[in-house]
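Please keep the sequence and the 3D view open as you go.

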Amino acid sequence: MTTASPGEIAERAQRRRNRMLWLAPMLFFIWQGAFFSSYAAPHTPLRTVELVSLGSHLFLALVLLFLLATGGGWRHGKVVRALLDDEATRAHRAQAYAAGFWALALCALALYAAAPFVQLATGEIAHILLSVAVAVPALRFVMLERRADRD
Amino acid sequence: MTDAPLLSSLKTLRTQAGLTQADLAERVGVTRKTINTVENGVFIPSTVLALKLARALSTTVEGLFQLPD
């Protein structure tokens with residue numbers, strides 16, 4: 001049995017990371033629909049189902065932000081983790097953050113413009129902003145990583 | 001990220017040395033993806049990485065990368 005080199009392990013982990021960062025934002029958008037259909041008229045106190053939904057959304061957001069910020073590969077050694085966060089990855093991350101910044105600014109602008117016409121609860125606004133802040137950089141990062149892999 | 005055009009002889013020199021992208025990546029401590037992006041001109045490497053690449057291919061940084069005239 002041959003042992004995989006750190007480079008091969010990092011490449012596999014990189015593909016897994018890309019799949020995760022691609023699928024999770026999709027889940028985020030599906031979640032968004034479910035959230036606004038059930039939470040459109042907020043009632044206090046929140047029902048258990050809403051608390052679980054909000055908690056899971058927050059947890060997934062934190063995991064994705066952590067994955068994006070650190071490069072992942074947490075169960076691997078230092079060498080593999082360093083490869084997963086190499087120079088090109090860091091450059092892609094910086095570009096992804098910039099895309100996230102602009103998406104967030106545009107989203108905040110749209111919410112500000114819509115404020116006199118649409119009544120939104122603080123929770124809903126936070127939900128929208130958090131989703132954009134997580135999903136846009138994640139998708140941009142995956143796009144750049146996939147393009148970098150092509151010959 | 002391409003800020004200014006940079007001509008790269010990395011692919012030619014790497015193949016001349018009989019190395020794959022993965023081999024070179026391992027020698028300089030990056031992933032194959034990074035070598036690929038440098039070869040394609042998508043990513044301009046840092047000075048440190050350029051020096052490591054030059055050393056791994058027994059050449060100089062100027063031998064690897066040139067500015068267009």
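## The fold of chain A

From the N terminus on, chain A runs α-α-α-α-α, with five helices and zero strands. Helices (H or I, at least four residues) and strands (E, at least two) are DSSP runs numbered from the N terminus. This is a predicted model, in which local features need pLDDT of at least 70 and side-chain atom pairs count only at pLDDT 80 or more, while totals for chains, interfaces and linings use all residues. Residues are numbered from 1 along each chain as its sequence is written, and chains are lettered from A and ligands numbered from 1 in the order in which they are written.

Along its principal axes, the C-alpha trace of chain A spans about 60 × 35 × 25 Å.

## The nonpolar core

The largest nonpolar core has 36 residues, and A:Leu21, A:Ala135, A:Ala138, A:Phe141 and B:Leu53 have the most contacts inside it. H5(A) brings the largest share of this core, ten residues. Such a core is a set of buried Ala, Val, Leu, Ile, Met, Phe, Trp, Tyr and Cys residues joined through C-beta atoms within 7 Å. A residue is buried if 20 or more other C-beta atoms, placed from the backbone, lie within 10 Å of its own.

Leaving aside neighbours within four places in sequence, A:Leu21 is in contact (C-beta atoms, placed from the backbone, within 7 Å) with residues including A:Leu64, A:Ala138 and A:Phe141.

## Where the chains meet

Here 14 residues of chain A are in contact with 16 residues of chain B. H1, H4 and H5 of chain A are the elements that give two or more residues to the chain A side.

Methods:
Buried ≥ 20, exposed ≤ 12 C-beta atoms within 10 Å, placed from the backbone. Contact = placed C-beta atoms within 7 Å.
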